[in-house]
Amino acid sequence: MAEQTESSKAEYSGDGQYNADIVAKHYNQLQESGREARTESRIYYMRNFNNWIKSVLIGETLQTIKKQRNHKGIAVLDLCSGKGGDLLKWKKGSISRLICTDIAETSVEQSEVRYKEMMNRERYKDQMFTAEFITADCTKARLREMYKDPNIKLDLCSCQFSFHYCFESLPQAQMMLQNAVENLHLGGYFIGSTPHAQELVHRLRESPDMSFGNEVYRVTFDLPDKENIPLFGAKYNFHLEGVVDCPEFLVFFPVLIKLAEEYGMKLCFKKTFAEYFNEQIKNPEHRSLLGRMQALEPYPPDRGTELMGLKNIDYKSADEFIQEAGQTESSDDRHRRRQQQIGTLSKAEWEAITLYCVFAFQKVKDMKTGETWSGSDIPSVEGQGNVSGEAIDSKRKRRLDEATPSDATEEKVAKSS
Ligand SMILES: C[S@@+](CC[C@H](N)C(=O)[O-])C[C@H]1O[C@@H](n2cnc3c(N)ncnc32)[C@H](O)[C@@H]1O
């Protein structure tokens, strides 16, 4: 991996504001699609799947915090909160205080409206969390100076699908991290989801040019070559069917781990979405949530319903899975199986999903006082994923690329589950 190069520094001074403006403009213009439009989207199941990943990550972390804090009120920073897509998760998690912040003013306004609507519908208003909403470039402004209470102690910072914007430059990554963690309690958590740099670079190097993708996503790198990739400012354009079309930056995990240490943060885990899915699906509650959130596409489809992808290309793994299961079953089971559906995702969506990873850091040291965390409640580090961010062996890598949930799960996930 290359050291921070002159080109990455130049990127910061030259393009910094330009990139932030493009991102803010893009998200400001993004229409809030209605339920019907969302259902018709080519990436309907992928969006639900991503939402499931967020729900599980947030839910699991809140559980850990509740035990740690003895069920006292929980305060959360939703960093780059967008249109408030996680408000319901905060409500379900019974938090007491929320700070939402995003660079896109219109999104912040929409999230505030959404919160007020939620509050109006709420019967027991005093049980609902209180919230504040701040428009700011979280990679450049110090958020604590904008909080109603700058000394507020937070239990959790959640940064979903957004952290990559700060790797434009070292100062921006530092500001974002400072914002994420400076108000955290000792023992508090910083969690998130972000594109997985290693996977992006792997696919870039496999591609004949500077771009790769499929019918639902496209990544186009803005780099002079594939070998000398700067640690900051490694820019690519990410296009996701009808949702995202923005400049983003590679987040090199080993660099993030080192930077986070400077803020007293220790990595608990970093896992690809595929790894996290395989691990969390074993929990019956999460499994049933997967069904309720319609995070997998029923296959074969219901009568009169069309598949999201192309039958012969996108559902090969699902067909193979059904066939393999059929070979080991009795004829009665086979007959029953034929009536059943499994849950799967089209290959194109799965290829986009496997670009991402989840992570969790814990504040183990207060850098001002030197006090260290003595609790023992670090969440599961079992199968940490590729913590160093280096060297996934090629066999495992191929499996990751080719797997789809239908062959990743131990059992079929029936639609009704
Ligand atoms: C893919 S959306 C995710 C929104 C939300 N976290 C979610 O999961 O629904 C990315 C968000 O990051 C925000 N963002 C990008 N750059 C930012 C910056 N420099 N400061 C604050 N927010 C930023 C965008 O405006 C957008 O709302």
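Me: Two strands pair if DSSP finds at least two bridges between them. On that basis, what makes β10 and strand β13 a pair?

Reply: In this predicted model, β10 and strand β13 (residues 356–363) are joined in the antiparallel sense over seven bridges. The criterion asks for at least two bridges, so the two strands pair.

Me: Why are β3 and β10 called edge strands?

Reply: Seven strands form an open sheet of mixed pairing, in the order β3-β2-β1-β4-β5-β13-β10. Each of the edge strands, β3 (130–135) and β10 (265–272), pairs on one side only. From one strand to the next, the twist averages 15°.

Me: Why is Asparagine 50 called buried?

Reply: Asparagine 50, in helix α3 (residues 44–68), has 21 other C-beta atoms within 10 Å. The cut-off for a buried residue is 20 or more, so Asparagine 50 is buried.

Me: What makes Asparagine 51 partly exposed?

Reply: Asparagine 51 is also found in helix α3, and 18 other C-beta atoms lie within 10 Å. A buried residue needs 20 or more and an exposed one 12 or fewer; Asparagine 51 falls in between and is therefore partly exposed. The unreviewed UniProt entry lists both Asn50 and Asn51 under "binding site".

Me: Which residues come nearest to the ligand?

Reply: Of the 19 residues around the ligand, these are Cys80, Gly82, Gly85, Ile103 and Gln160. The shell comprises ten nonpolar, seven polar and two charged residues. Helix α1 (residues 6–29) gives the most to this shell, with four residues.

Note on methods:
Residues numbered from 1 in each chain as written. Predicted model: local features only at pLDDT ≥ 70, side-chain atom pairs only at ≥ 80, totals over all residues. UniProt positions renumbered as here; feature names shortened; annotations may be inferred. Near = placed C-beta within 6 Å. Nonpolar A, V, L, I, M, F, W, Y, C, P; charged D, E, K, R; others polar. Axes fitted to C-alpha atoms, helices over the stretch in contact; angles between N-to-C directions.
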